[in-house]
Amino acid sequence: MERIPILRMGDCLLVTIQVDMHDRLAITLQDDIMEKISESRAKGLIVDISALEIVDSFIGRVLGDIAGMARILDTRTVVVGMRPAVAITLVELGLSLPGVITALNVERGLDLIRNTKNGTSGLDGRSEG
Amino acid sequence: MPTTTSSRIPEIVRHHEEQLLSEWVQRQLAALTARRDLIQDDELREQSRRFLIHLRDGLQRGGLAQEVGGAAWAEMRDLLSAYSLSRARMGFSPSETATFVFSFKQPLYDRLRDEVGDDPSALQNELWAATVLLDRLGLHTVELYQRNREEVIRRQQDELSELSTPVVQLWDGILALPVIGTLDSSRTQTVMENLLEKIVQTGATHAILDITGVPTVDTLVAQHLLKTVAAARLMGAECIISGIRPQIAQTIVHLGVDLGDVTTKSTLADAFAVALHKSGMAVTRNGHRALPAISSGPSSSTPTSSSS
């Protein structure tokens, strides 16, 4: 069965979605991530969706769910690399992914997670500073 | 139609072509609507000559009764569309453009009177046929003129909307988007796309939406602004809205619009300071008063303005 690899980088997990997500695959990914988080005790999770051209309402919800579940397991999730067209579509659909932290690319996402660990910048609050 | 098939207009146009042309051109040049400042006499003469040639060909091929939209008048239509396009660009008014065709009536009527003047009922038929034909050609010209002008206006609108939403980079990672004019759905789309593209290009983490140039904010505009903020957030950039005028602030509160947790600042400068602060940068004033570096001497160890 088709699976999306989950890579470990230090105490972060990196998921790069490079195939078009169908609903089944999204659910499998969600399960896998949760397993991996509890197994590795990762502090951060980065979901890179820069290769995704279509994010529908279901995938949007799954992304939100993953972030919520990860938070319960004490892991910070950053969704990175969303394309402009995808962002516009999601906003027009009314899915602005509340509660999901976003960054432009993987590097920025890693920075965000590192900064939270050092306690210099709050990842929890949107209205930091 | 029996009156038109037996019409003598095609014959008259063929036989008196030179005379018609010279009379017509004279009339056009003498008319009050002549724009000798915009068009050369030679060019006018050339256009009139070509009009007459196409009129002759059209009459031979299609006769009078046929609609001007038909195949017989295709060349004439091309000529008129080129004519009205150039007139629209040169700044002719609609009536000045239409006069080109309508002023041909008088020379043609004169010839008709000379040829069939002794038979009143035939003359009337001929005049009517000529009027219908020239009216249609004239209206066709005006219609094209109108369409060309609308095209020009539409293009200018596009350019204006493109120009009025520039995205500027204020600092490494900080973008500013000064919005000027009213935000409607189509413009919001342009604004959003421009901003998001620029965020990708520059890797910006902060974007300042400056609405000093927005005259009014209603619920729709506020909604559009919030959409832009949400889209930028999805790309990983935080938005700050600046330049909200006192009246607009009142309107927003009265309308019950919830700007959520969007940071707002009164001026672009304030917003810029916030963005710098959040990116971990600071602009410091030079220790000395603003003396030129050269006059302060080579050995000076003045602290320079720095960003850390």
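**Salt bridges, sheets and the interface**

Me: How many salt bridges does a search of the whole structure find over all chains?
Reply: The model is predicted, so local features need pLDDT of at least 70 and side-chain atom pairs count only at pLDDT 80 or more, while totals for chains, interfaces and linings use all residues. Residues are numbered from 1 along each chain as its sequence is written, chains are lettered from A and ligands numbered from 1 in the order in which they are written, and side-chain values use heavy atoms, without hydrogens and water. A salt bridge is a side-chain nitrogen of Lys or Arg within 4 Å of a carboxyl oxygen of Asp or Glu. Over all chains, the search of the whole structure gives 21 salt bridges.

Me: Which residue forms a salt bridge with A:Glu92?
Reply: Side chains of opposite charge can pair when their charged atoms come close. For A:Glu92 the closest N and O atoms of the pair are 3.1 Å apart, and the partner is B:Lys227.

Me: Where do A:Glu92 and B:Lys227 lie?
Reply: Helices (H or I, at least four residues) and strands (E, at least two) are DSSP runs, numbered from the N terminus. The pair joins two chains, because A:Glu92 lies in helix H3 of chain A and B:Lys227 in helix H10 of chain B.

Me: What is the area buried between chain A and chain B?
Reply: Buried area is the accessible area (1.4 Å probe) that two parts lose on being put together, summed over both. Contact means heavy atoms within 4.5 Å, and 20 residues of chain A are in contact with 19 residues of chain B. Carbon and sulfur atoms give 64% of the buried area, which is about 1800 Å².

Me: How many salt bridges does the rule find across the interface of chain A and chain B?
Reply: B:Lys227 forms a salt bridge with A:Glu92. Across the interface of the two chains, the rule finds 1 salt bridge.

Me: Which element gives the most to the side of chain A that touches chain B?
Reply: Helix H3 (84–92) and strand S5 (101–103) of chain A each supply at least two residues of that side. With 6 residues, the element that gives the most is H3(A).

Me: What is the strand order of the open sheet in chain A?
Reply: Two strands pair if DSSP finds at least two bridges between them. The edge strands, each pairing on one side only, are strand S1 (6–9) and S5 of chain A. The sheet has 5 strands with mixed pairing, in the order S1-S2-S3-S4-S5.

Me: Which residue in S2(A) is the bridge partner of A:Ile6?
Reply: S1(A) and strand S2 (residues 12–16) of chain A run antiparallel and are joined by 4 bridges. In S2(A), the partner of A:Ile6 is A:Val15.

Me: Which strands of chain A does helix H2 (residues 57–72) lie across?
Reply: Axes are lines fitted to C-alpha atoms, for helices over the stretch in contact, and angles run from 0 to 180 degrees between N-to-C directions. Helix H2 of chain A runs at about 155° to S4(A), and lies across S3 and strand S4 (76–80).

Me: Do strands S3 and S4 of chain B run parallel or antiparallel?
Reply: The sheet of chain B is open, with 5 strands and mixed pairing. B:Leu209 stands opposite B:Ile241 in S4(B). Strand S3 (residues 206–213) and strand S4 (residues 238–242) of chain B are joined by 5 bridges, and their direction is parallel.
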